[in-house]
Amino acid sequence: MPKSLTATSHWQALQKHAREMSGRHMRQLFEQDPQRSERYSLFAADWQLDFSKNLITDKTLQLLLALAKQQHLTQWRDRMFAGEKINHTENRAVLHVALRSRSGETIEVEGEDVVPQVRAVQAGMREFSDAIRDGKWTGYSGKAITDVVNIGIGGSDLGPMMVCQALAPYAKKELNMHFVSNIDGSHIHDTLQRCQAETTLFIISSKSFSTQETLNNALAARGWFLAQGGSKDQINRHFVAVTSNNKLATEFGIAPDSQFELWDWVGGRYSLWSAIGLPIAIALGMDQFEDLLGGAYAMDEHFRNAQPEQNMPVLLALLGVWYNNFLECETYAVLPYIQHLSSFPAYLQQADMESNGKRIDRNGLPVDYQTGPILWGGAGTNAQHAFFQLLHQGTKTIPADFIIARDSHSPYDNQQRMLVSNALAQMEALMRGKSKAEVAAEMLAKGLPQTECARLAPYREFAGNKPSNALFTDQLTPAALGALIALYEHKIFVQGVIWNINSYDQWGVEYGKQVANSVLPVLEGAPISAIDVSSSTRELISRLRRS
């Protein structure tokens, strides 16, 4: 039987080191090392990572890097880039990196170079998106397309939606982009209320073309289109598909030349780089989409070639392992101080928690350690007025990633400076804290009586020592965003390797779908006895079904 990860000498050395660090404060670490920020900073692909405000020393990093070496990180990385089937439970390669490769190298899956296939699909995306943007592709009445509705869920929705929002300053203003994902009929209904059938294009994004939410929303959209004046022979002007199931897409009414190919080596939550990114290409233009790919490729090359101790995804991942497994921090926050990135935490929730929310390792054995942490967050400065109180004075230590751009796309430079100053101040305050003596002196200086200072000081004290990473870029461009997304993708991969889990399956999601498919017929009137569920679910079905 393989040796448990927690029984290895490297793991146990980190546990011992965590106990040694329990009394250390980052204030002291900065006082002892004036060059700390310079030493604990990295530059890669338009981004700077300052990880100096973490509860770490050189020894911490040495021990974490030794753990990564023990887990054969570089070998796993090379296997992924080589197209090996590292998704062993589904017998698939994991090659989203092939979608953004700019080098012209051969990337093989089962002996076949997939790069020509990728290039062919990208050429089709360019031709189609240009036609929509130029008004050459028209609806059935001859009018140009004004509204594009992407129908998908999970990776077929979160990624394209996030990128279109993040890069809105680059978008064609005459095109309205909509994203429908929820099976709740209100989502598709409310969206269609803002559209006209003769000028609306629907993109049906589903690898299987059978995902319950996507298929039913697509059927609702088709029904609306036909009821609003369209006809069956005009569906091809208004519906395209991104899928690997051409048969079902064709049966729906979408001609083969209006279908964009997906491959089984592209995981859903890593698919925005594929034809799933068609809404991005339409909204921004294919040149900007390729800049997005280029930024991701730059981060891929950094991850692939930089030594572990100078590797941004590796260090970001190891810091997460340090907090999750040795300092008992069960969550971490992603805090973009860029309004256009307000959907980025939600996008990362799927990327991280669907990837590493696993309790069985690659050997089929239950783990005896924490795996994927809980990811949450929000955009600054709104988040400061929502949950930062807990970050500063709560009982939980919550590591945070602050994402900052020096320049905004808005003309309001003074507000950008205020935004950045808030981000810098929050990181400093989280790290530094404020002692009772400092609080009391501050209140005395304002003229408060001694007794009042003593009474209020405990409430105004901040322990500090709360860790954060700072990720800086000059401006959120397509290339910078591509690199940022790829950074987190590789971070997730590294942590999966450390925890010896498969980051690329999602059987929990599949199980939920399976149960839902058995419940639906009963809600529609089939006998409750037809399904094996708990008494609670039986009672809820009885209350909720209509007959």
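A: The lining of the second largest pocket divides into seven nonpolar, twelve polar and one charged residue. In these classes, Ala, Val, Leu, Ile, Met, Phe, Trp, Tyr, Cys and Pro count as nonpolar, Asp, Glu, Lys and Arg as charged, and the others, Gly among them, as polar. The model is predicted: local features need pLDDT of at least 70, side-chain atom pairs count only at pLDDT 80 or more, and totals for chains, interfaces and linings use all residues. Residues are numbered from 1 along each chain as its sequence is written, and side-chain values use heavy atoms, without hydrogens or water.

The second largest pocket is lined by 20 residues. Nearest its centre lie Q339, S408, S410, Q416 and L419. A pocket here is an open set of points on a 1 Å grid over the protein atoms alone, where a 1.4 Å probe fits, with protein on both sides within 12 Å along at least five of seven lines; lining residues have an atom within 4 Å of a point. Helix α18 (residues 413-432) gives the largest share of this lining, five residues. Helices are DSSP runs of H or I, at least four residues, numbered from the N terminus. The volume is about 420 Å³, taken as the space filled by probe spheres set on the points, which are joined across faces, edges and corners.

Now the largest pocket. About 930 Å³ of space lies there. Its lining has 40 residues, with T211, G268, Q506, E510 and K513 nearest the centre. α22 supplies the largest share, six residues. By class, this lining holds eleven nonpolar, 20 polar and nine charged residues.

Methods:
Helices (H or I, at least four residues) and strands (E, at least two) are DSSP runs, numbered from the N terminus.
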